[in-house]
Amino acid sequence: MLNLFRFIFVALGFQQVTASVYNTFDGEGSPSCYNVTEVHNATSVDHIVSLVKDAKSKGLQVRAAAKGHMWYDTQCSDDETMIIRTEFVNGIHDFDLDAGTVTIEAGVTFFQLSAWLHERGANIGTGLVNWNISIGGCVAMGAHRTSLRNDAVVVGGVRKLDIIDGNGEIRTVEKDEDNDEWLAASTSLGLLGVIARLQLSIYPETKVWARQEILDEADVIGGNLTDLIAPYETANLWWWPYKKKFHWRYYDSVPANESDQEGFQSTFSVTELEANTAKALLDSGKFFPSSNWLAEEIFFGQWEAPNFRDKRTNEPIKEFPVYGWNYDVLIGGLYPDQKPVWEYGLKGYTLELAFPMTRANEMLKRVRGLFDAEAKKLRFMSATYRSGINIKFGKAHFDFLGQVTTGTADGEDWSQGAIMFDFPSYRPSIGDQKRYNEEFYINLANTLIDEFTCRPHWTKNTRDVLQRASKHIDPSYLARFKAVKDKFDPTGLYRSVVGEILGLYD
């Protein structure tokens, strides 16, 4: 998963470089930062503190990095920056199931925590994101999950945060929705400092079932989306625009004795043969759209069958419903004999925007209209990602910069939650690496941002998209966030492109 540049850091613990590029999880050729002069593997919270103070004394800026959910070159500013990798700061302690709390350190991932808690009969509820992302990073970027019934953002389960501020001092921020420090820290974008520790709510372990159905596109776009999603612990839709179909997957808790099945979901893992076949097909799709149509047909067929195995036997589960423990079913991870797609060189672009549920149908109809407009030009577009277009949902949650916050000056009703349009697409490995009919993707983003009130996912959009979408961020919330940022980091030690786009350093 790590490219050679990062392997060196792992082996040596630290290497000083001159104006080197730091890459996203996609590896070489996928920069997240351009002007990195130092990269450190922190080994403790105290080590992070000392590194922050060292960076300040050298006049460097600081950005934290963990397992990674960064897709574009927006992680840092373009000034000289020290990267502090938190992957090895991963202690878990103060577990108390009776009190419903546990404390974790900066680099703990969902996969690590879920396994650790499961051994002790606990989980963290529905505040779930991909298995390979650190929980601290999820909180910083305002990460969400697909739910309208339950808290759908990770920070919904956070009780308190320890943040290393711009002076290298640890500040504790406790959950308090009447406190601007909490409202800024709960989606901080890393601009207040490094999240060093988090105290989380935990719950007794539960079993969950997953079910899935195929729906006609017209029935979803013209239907009641809230009725599809809100009754369940979590639910989402996978859109296949060439086929004009959706997969509707929904989950809920069940008594532990309802089934002895232990299903485990694969989110990104593929075999080498599957990866090489997909890469050859999708690379040809740069020139021949029929290759993309075929890819969507194949991916649709793969997604139709449960992407689950029995955790004990590693045997495929062939029918829905699937039963298993909370995290294994809701998220899962990698199968033991497979690797994630990016380790085989399948790279991606993405666009993710959140819209109020009150405009969900209108937004989906507009996207369908854009697909249809291309078809009239005989440019038939399709999904080029293994799970199609991901349509996610988030229950309203109040903070300053989150995708699902409420009470904003835009006049929209966000109190009913948000729909997230998450459109990943294959990045060709040949030529200029642009997609077939690249202009379609640019027009899609611009149209949605200009015609709808929306909010960007902070790590899954280009600089251009973030710049264009920034007009939708509530100016009063930005001002209140900036006031907290100026207290925590008055000199801009943790400056980033995103913070610059939001005007936090003017």
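L189 counts as buried in this predicted model, because its relative accessibility is 9% and the cut-off for buried is under 20%. You will find L189 in the loop between α5 (180-185) and β10. Its backbone is worth a look too: L189 has a positive phi of about 60° although it is not a glycine. Most residues other than glycine have a negative phi, and most peptide bonds are trans.

**The loop between β17 and β18**

A second residue of this kind is N314, with a phi near 65°, a positive value in a residue other than glycine. N314 sits in the loop between β17 and β18.

**Salt bridges**

Side chains of opposite charge can pair when their charged atoms come close. A search of the whole structure turns up 36 salt bridges.

| Pair | Distance (N to O) |
|---|---|
| R120 and E119 | 3.5 Å |
| D310 and R312 | 3.0 Å |
| K311 and D328 | 3.1 Å |

Which parts of the chain does the pair of K311 and D328 link? K311 lies in the loop between β17 and β18, while D328 is in helix α10 (residues 326-330), so the bridge joins distant parts of the chain, 17 residues apart. K311 counts as partly exposed, at 44% relative accessibility, whereas D328 counts as buried, at 7%. D310, which bridges to R312, counts as buried with a relative accessibility of 11%.

The pair of R120 and E119 looks like this: R120 is partly exposed at 35% relative accessibility, and E119 is exposed at 64%. Elsewhere, a network of salt bridges links E352, K392, D422 and K460.

Now to the strands. β6 (residues 101-105) is mostly covered, and five of its five residues are buried. In a regular strand the side chains alternate between the two faces of the sheet. How are the buried residues of β6 divided between its faces? T101, T103 and E105 lie on one side and V102 and I104 on the other, and both faces are covered.

β6 has pairing on record with two strands in this account. With β5 (residues 92-96), β6 pairs in the antiparallel sense over three bridges, and I92 stands opposite I104. β5 and β6 form a hairpin with four residues between them. In the turn of this hairpin, G100 has a positive phi of about 75°. With β10 (residues 194-201), β6 pairs in the antiparallel sense over five bridges, and here T101 stands opposite S201.

**An open sheet of eight strands**

Further along, eight strands make an open sheet with antiparallel pairing, in the order β18-β12-β14-β13-β22-β23-β21-β25. Why is one side of β18 and of β25 left without a neighbour in the sheet? Both β18 (322-325) and β25 (455-456) stand at the edges with a single partner strand each, so one side of each has no neighbour there.

L353 stands opposite P456 in β25.

**Helix α8**

At 1.5 Å a residue, the 13 residues of α8 (residues 272-284) should span 18 Å, and the end C-alpha atoms are 18 Å apart, which agrees. The expected span uses one less than the number of residues.

Which residues of α8 are buried? They are A275, A278, L281, L282 and D283. These buried residues pack against β16 (269-270), α9 (289-304) and β24 (425-427).

Terms used:
Residues are numbered from 1 along each chain as its sequence is written. This is a predicted model: local features need pLDDT of at least 70, side-chain atom pairs count only at pLDDT 80 or more; totals for chains, interfaces and linings use all residues. Side-chain values use heavy atoms; hydrogens and water are left out. Buried means under 20% relative accessible area, exposed over 50%, partly exposed in between (1.4 Å probe, protein chains only). Two strands pair if DSSP finds at least two bridges between them. Contact means heavy atoms within 4.5 Å. A salt bridge is a side-chain nitrogen of Lys or Arg within 4 Å of a carboxyl oxygen of Asp or Glu.
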